[in-house]
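Biologist: I would like a close look at a single part of this model. Please take the place where the two chains meet, and give the cut-offs as you go.

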Amino acid sequence: MAQALLGLNVGVFYAMLSLGLAVIFGLLNIINFAHGAMYMLGAFIALIGYTLLDQWFGISLQIGFWASLIVAPALVGLLGIILERTMLKRLYELDHIYGLLLTFGITLILQGLFSNYFNVSGTPYPGQPEILAGVVNLGFMYFPTYRLFAIIFSLVVCFATWYVIEHTRLGSRLRAGVENPSLTQAFGLNVPLMITLTFGFGCALAGLAGVLAAPIYSVSPLMGADLIIVVFAVVVIGGMGSIMGAIVTGLVLGMVEGLTKVIYPPAASTVIFFLMVLVLLFRPAGLFGKEK
Amino acid sequence: MINRALWIIMLVAGLTAPFFAYPVFVMDLLCFALFACAFNLLLGYVGLLSFGHAAFFGGAAYIAGHVIKVWGFSPLLGILTGAAFAMVLGAIFGYLAIRRQGIYFAMITLALAQIIYFMALQLPFTGGENGLQGIPRGNLLGFIDLNNSLTMYYFVFAIFLVGFCIIHRTIHSPFGEVLQAIRENEARALSLGYDVDRFKLQAFVISATMAGLAGATKAVVFQFAALTSAHWQTSGEVILMTLVGGLGTVFGPVVGALLVGSLSHELGSFGSWVQVILGVIFVVCVLTFRRGIVGELERLTRKR
């Protein structure tokens, strides 16, 4: 139970990242390889905002944790919008793999830039707010308050996203854009703008996950690198069909990984990939995916 | 025309290279060139983007290193064992991955390769983060001493040529024609009665085997199987080499491997900037330069 809860902690990050990927994939048909780098970027913006701003610019401005929750996703989302406008836009008529390759290149650039200034082994984020220090008694165990906060906060974000996409007018327009862009455009909706904003939003989700992860894991340039591949496996298992699929699969697989850590530790880093193999054998379209 | 010229340049340059460049460095480039050719067979001629080719490259390196070092295999037999391992692995990965298409295919190969990476990190014989060290080069066929870097060089060049010719032959055979038909229009190839999945799988296995051959050779050259050769960034590097040189051209990957390999070597002292520069090249290639060097050359000569 305790391990499952700790696993859920990892699971919410998987869920947020695969949710962002799913949203982007749905509208752009591009797998954003830079998603892991965006997550890393979010964590670094929080770290820099808290510790380095005055050192670098000589201004006594500190961006605390709560402000980072807004600032970092906004900046990462903005970067996403710029990337989409300047680069990705040119690739839509081409084979999808070019989008993957382009975002891979961007990943290398971001990772390389941060590796130059920060130690690869990671820096702890000191800005965890006072209120969230300590532990809470859940009855069956003591659980770090911050982790509980991260779980609840991420769940709220995930389900809010799901609600917006599935149950609001904005969401129905988005889904119409996915289903048939040219027809949607003929109805007077600005599809290119929707695409740009959606890409920005997906990136912002990754940045937000990064800020939430910063106080738990140490902030390092490579923190997104291996995570993104796990998230890809999550996406394959879940099947890209539904938003809910991305969220549920992410959560469950985080818990599975957490439990494996107790039962057979060496397999913890690969168990998700083995599950992916099993799913591919019996249900190639993924658990929530639709057969084409 | 241009292909014949490139053949001659490649042979002459390959035979004389150790006299004006550091042989170990050139051997490294040759291994990567073969690796890139193997990768290009899939992406350039079948249209399958495998993001997990480092698993074959790195996995074969570990297997070859282990059988040579611990079981006392001769270097040639060890390299072949490594390639055979990559072949089996390629059959398994291919069987799983061709169930999905496009970007999914890329993600699945990437995830599968990550299993191999973690195995290379955790299994008892691999030496963990330090890699498998102290692989003896030994004697080729019992009497040719491979510790001499010149003989080692020609051995590696021979392996490269064999692998290159196998890939060249595959592309220019009826089998290769079908592969290109699948790349151009999979549905049509299917409706013509070709068993598309079987062709894809066979191409995948050939490509994996050649990538393994390159990785195993590299392990013998450096007497060392490194964890980085199994890491997914190596898969990315080989994609970059192929892209720079020219996707779907016979010599493109060789040119790309030489260029990117020399570049990372030259820039080695800049640390992480190498990554940034490779990333920039990647972005520029994808945005503006999709044919690659050889692809552009071919287009120019064809125009005349």
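How many residues of chain B are in contact with chain A, and with how many residues there?

Modeller: This is a predicted model, in which local features need pLDDT of at least 70 and side-chain atom pairs count only at pLDDT 80 or more, while totals for chains, interfaces and linings use all residues. Residues are numbered from 1 along each chain as its sequence is written, chains are lettered from A and ligands numbered from 1 in the order in which they are written, and side-chain values use heavy atoms, with hydrogens and water left out.

In chain B, 40 residues are in contact with 45 residues of chain A, contact being heavy atoms within 4.5 Å. About 3,900 Å² is buried between the two chains, and carbon and sulfur atoms give 80% of that area; buried area is the accessible area (1.4 Å probe) that two parts lose on being put together, summed over both. On the chain B side, B:Ile103, B:Met107 and B:Trp232 lose the most area to chain A, together 17% of what that side buries.

As for elements, α4 (75-97), α5 (102-122), α10 (232-245) and α12 (273-288) of chain B each give two or more residues to the side that touches chain A. Helices (H or I, at least four residues) are DSSP runs, numbered from the N terminus. The largest share of that side, 13 residues, comes from α5(B).
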